[in-house]
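Please read it with the coordinates open.

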Amino acid sequence: MIRFVFADLRRLWAGSLVVVLLVALATALGVAVTLQERALRLGSARAADKFDLVVGAAGSETQLVLSSIFLQAAPLPLVPGKVLHDLAEDPRVSWAAPVGFGDSFDGYPIVGTTVGLIDGAGGGLAEGRAFAAKPEAVIGSAVPLKLGQEVKPMHGMPGEGGHTHAEIAYRVVGRMPPTGTPWDRAILVPIEAVWGIHGMEAGHDHKAAGAGDDHDHDRDHAHEADAGAAPEAEHDHTAEPGHAHAEDHDHGHDEAGPAALGGPWSETTPGVPAILVKPKTFADAYKLRGQYRAGATLAVFPGEVLTNLYATLGDAKTVLGAVAIGAQALVAAAIALVTIVHVGQRRRQIGALRALGAPRLALFGIVWSELFALVAGGVMLGLALGYGAARFLSALFTRQNGVVLPVGFAWADWVLVASLLAVAAVLAAIPAILAYRQPAASALRA
């Protein structure tokens with residue numbers, strides 16, 4: 001009987017191929033929608049796992065999370081520098097890192113922040129070291145640059161375009177390990193450098209910012225004194241052999257200057273689009289969110305914001321799922337109609353088999369096996385096509401946004417496959433029953 005089935009399918013290969021493709025395309029649509037939606041949920045949730053709390057200016061919660069965690073370009077209102085100062089000094093906070101946007105390089109966003117973010121959320125460094133001066137940068141694992149190369153920032157986020165900043169060129173000094181998040185495509189630089197090239201004064205408290213700032217202040221004071229009547233002692237000091245003052249300046253630039261990066265902040269610190277905060281405990285996280293979720297500031301848990309987005313995606317999935325089910329129902333109806341017509345056209349063949357002594361159950365098995373093989377083949381091909389489409393879309397999304405979307409089948413998917421095969425078995429039984437009930441004499445007279 002199996003040989004007869006395969007021989008019949010080879011003889012009717014064109015019609016069989018059409019049936020298989022129809023079932024495959026309808027199945028692939030539903031599989032691709034299901035896998036892609038689940039991958040987007042898992043990928044975005046993993047990307048936000050490293051960030052417990054985001055603080056920004058009052059506005060859209062969704063945009064705050066998309067911009068600060070997923071690095072999606074959008075203008076955000078600035079949160080006052082005093083908030084950054086208060087969070088950095090708060091005993092309930094492990095670390096608080098500012099995030100500044102506005103520039104890009106070759107399609108990769110340049111993000112101003114502090115070393116605390118690299119150590120706290122970036123997983124440390126895979127090679128090199130953290131930036132220790134304004135013209136230095138640390139890159140994500142997906143940025144195709146090498147240590148020592150220069151990065152010339154362009155004003156505007158990726159895709160926006162703009163002029164190239166001539167004030168500074170960053171040198172790559174370190175690379176972070178892969179994280180599967182948009183930060184793999186980011187170029188991290190000191191927030192002070194971002195403030196500087198955008199004309200914002202780095203409002204550190206000069207008394208607390210480090211010896212480098214004090215030294216610069218003293219140096220400026222000395223120059224002003226030289227412009228008037230400089231004291232003899234200072235004049236003699238700068239004229240000593242070996243230029244001791246110049247040596248002190250170089251030492252201050254090498255040690256105290258880098259130490260001034262990343263704070264301490266003051267109430268005059270420039271504003272930033274967002275602040276990523278790592279509370280010490282869960283209780284501290286809720287207290288901080290309540291404290292900064294009022295007035296001019298907004299504090300959110302990224303997971304809660306993503307839950308709202310998932311609800312929207314769930315609605316879209318429901319619509320697309322309904323479309324997929326409708327397409328599968330239409331294909332099933334079309335297949336049932338085609339097979340019934342096919343059985344009608346094969347009445348003479350069925351009658352000849354009955355006349356040669358073939359039992360009714362054998363005829364039922366032949367017709368059912370042919371139709372079930374076609375539908376089952378279409379379902380399995382549809383699984384492969386849907387999986388391939390989901391993998392392709394996920395890879396495209398990862399290349400553009402940096403979020404790794406894990407595509408894979410779950411137990412519920414195999415339940416769906418079993419349901420589709422059960423429906424196929426029922427549909428295949430309809431024409432098989434017709435063939436089973438058909439008398440041999442009437443079939444031969446047709």
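1. **Basis.** This is a predicted model, in which local features need pLDDT of at least 70, side-chain atom pairs count only at pLDDT 80 or more, and totals for chains, interfaces and linings use all residues. Numbering starts from 1 along each chain as its sequence is written, and side-chain values use heavy atoms, with hydrogens and water left out.

2. **Confidence.** pLDDT is the predictor's confidence in each residue, from 0 to 100. The protein has a mean pLDDT of 76, and 70% of its residues reach 70 or more. Residues 203-259 have pLDDT below 50; beyond near neighbours in sequence, this stretch has 42 contacts in the model. Contact here means heavy atoms within 4.5 Å.

3. **Overall make-up.** The protein has 15 helices and eleven strands. These are DSSP runs numbered from the N terminus: helices are H or I with at least four residues, strands are E with at least two. Of the 446 residues, 43% count as buried. Buried means under 20% relative accessible area, exposed means over 50%, and partly exposed lies in between (1.4 Å probe, protein chains only). Accessible surface comes to about 22,100 Å², and 63% of that belongs to carbon and sulfur atoms. Areas come from the Shrake-Rupley method with a 1.4 Å probe; for residues, only the protein chains shown count as cover. Among contacts between residues at least 6 apart in sequence, 80% join residues at least 24 apart.

4. **Strand 10.** Five of its six residues are buried, and the strand is mostly covered. Strand 1 (residues 53-57) pairs with strand 10 in the antiparallel sense over four bridges. Two strands pair if DSSP finds at least two bridges between them. Val55 has Ile275 as its bridge partner in strand 10. Strand 2 also pairs with strand 10, antiparallel, over six bridges. There, Ala96 stands opposite Val277.

5. **Strand 9.** Strand 9 (residues 187-190) pairs with strand 3 in the parallel sense over four bridges. With strand 5 (residues 136-139) the pairing is antiparallel, over two bridges.

6. **Aromatic pair Trp195 and Trp265.** A search of the whole structure finds six aromatic pairs. Rings of Phe, Tyr and Trp (its six-membered ring) pair if their centres lie within 6.5 Å; planes under 30 degrees apart count as stacked, over 60 as edge-to-face and the rest as tilted. Trp195 and Trp265 have ring centres 5.8 Å apart and planes at 80 degrees, so this pair is edge-to-face. Trp195 lies in helix 6 (residues 191-197), and Trp265 in the loop between helix 9 (244-259) and strand 10 (274-279), so the pair ties together parts 70 residues apart in sequence. Both Trp195 and Trp265 are buried.

7. **Aromatic pair Tyr387 and Phe409.** This pair is stacked: 5.5 Å centre to centre, with 20 degrees between the planes. Tyr387 lies in helix 13 (residues 360-401) and Phe409 in the loop between helix 13 and helix 14 (411-437), so the pair ties together parts 22 residues apart in sequence. Tyr387 is partly exposed at 27% relative accessibility. Phe409 is partly exposed as well, at 31%. Tyr387, Phe409 and Trp414 form one aromatic cluster.

8. **Positive phi.** Please check two residues. Leu71 is not a glycine, yet its phi is positive, about 55 degrees. Leu71 lies in the loop between helix 3 (61-68) and helix 4 (81-89). Is Leu71 buried or exposed? Leu71 counts as buried, at 9% relative accessibility. Asp106, also not a glycine, has a positive phi near 55 degrees. Asp106 lies in the loop between strand 2 (93-105) and strand 3 (108-113). Asp106 is exposed, at 64% relative accessible area.

9. **Helix 3 and Pro264.** The buried residues of helix 3 are Leu64, Val65, Ser67 and Ser68. Pro264 sits in the loop between helix 9 and strand 10. Pro264 is partly exposed, at 32% relative accessible area.
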